[in-house]
Amino acid sequence: MKRIAKFMKVSPEQFAEGWKDTFGDTDTETLEKIYEEIKLPVRATSGSAGYDFFSPLSFELKPGETIKIPTGIRVQMEEGWVLKLYPRSGLGFKYRLQLNNTVGIIDSDYFYSDNEGHMFIKITNDSNEGKIMQVEAGTGFAQGIFVEYGITVDDDVCQVRNGGFGSTTK
């Protein structure tokens with residue numbers, strides 16, 4: 001097994017900015033408590049490929065509802081690797097939980113972006129059975145898998161990332 005990455009929290013200031021952008025004004029004491037309780041992603045067993053991402057808040061999603069979750073997490077990884085984000089399998093099976101971008105792609109240079117590489121996960125309860133999904137704070141709701149990738153022999157890209165989501169095409 002190659003050890004190629006390290007998860008860490010974004011700064012408290014960056015987390016507060018992402019939280020307020022998503023949920024509006026929240027008092028400082030509440031934000032500090034949420035930030036302190038953020039759990040770094042972990043694998044559940046030695047045979048697990050996915051690193052579980054834990055929700056920093058409790059929430060309920062009715063069928064068709066969407067939520068954008070500021071995870072408070074960033075990841076530093078070796079060049080040549082990508083972190084792919086998916087819903088946890090059980091939630092996908094029970095609720096048709098979907099990531100709004102189908103698969104989250106976290107590039108190795110995202111760590112150095114203006115927002116510190118803060119990962120947001122936007123999900124929708126796509127249940128067609130009327131099931132309401134409830135997630136408690138600290139519960140796994142998504143998973144990330146590191147994948148090595150290659151490039152073409154004539155690739156000569158030299159641009160450098162200067163932003164967060166969607167910045168590589170600007």
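This is a predicted model: local features need pLDDT of at least 70, side-chain atom pairs count only at pLDDT 80 or more; totals for chains, interfaces and linings use all residues.

## Strands β5 and β1

Strand β5, which spans residues 73-77, is mostly covered, with 4 of its 5 residues buried. Strand β5 pairs with strand β1, residues 5-9, in the antiparallel sense, and the pairing extends over 5 bridges. Within this pairing, K6 has Q76 of β5 as its bridge partner.

F7 also belongs to strand β1. Is F7 buried or exposed? F7 counts as buried because its relative accessibility is 9%, and the cut-off for that class is under 20%.

I145 is located in strand β11, which covers residues 140-148. Its relative accessible area is 25%, and I145 is therefore described as partly exposed, a class that lies between the limits of 20% for buried and 50% for exposed. Along the sequence I145 and L83 are 62 residues apart, yet the distance between their C-alpha atoms is 5.5 Å.

## A patch of negative charge

On the surface, a patch of negative charge is formed by D27, E29, E32 and E36. One of these residues, E36, is found in helix α2, which runs over residues 28-36. With a relative accessible area of 58%, E36 is classed as exposed, the limit for that class being over 50%.

## Positive phi values in two loops

Most residues other than glycine have a negative phi, and against that background two positions deserve a separate note. T102 has a phi near 65 degrees, a positive value in a residue that is not glycine. T102 is placed in the loop that connects β7, residues 97-99, with β8, residues 104-107. Because its relative accessibility is 62%, T102 counts as exposed.

Where is E116 placed? E116 is in the loop between β8 and β9, the latter strand covering residues 120-125. For E116 too, phi is near 65 degrees, again a positive value in a residue other than glycine.

Terms used:
Residues are numbered from 1 along each chain as its sequence is written. Side-chain values use heavy atoms; hydrogens and water are left out. Buried means under 20% relative accessible area, exposed over 50%, partly exposed in between (1.4 Å probe, protein chains only). Two strands pair if DSSP finds at least two bridges between them. Patches are made of residues with over 30% relative accessible area and no salt bridge: like charges are joined within 9 Å, nonpolar side chains (Val, Leu, Ile, Met, Phe, Trp, Tyr) within 5 Å. Accessible areas come from the Shrake-Rupley method with a 1.4 Å probe; for residues, only the protein chains shown count as cover. A salt bridge is a side-chain nitrogen of Lys or Arg within 4 Å of a carboxyl oxygen of Asp or Glu. Lys and Arg count as positive and Asp and Glu as negative; His and the chain ends are not counted. The place of a charge is taken as NZ of Lys, CZ of Arg, CG of Asp or CD of Glu.
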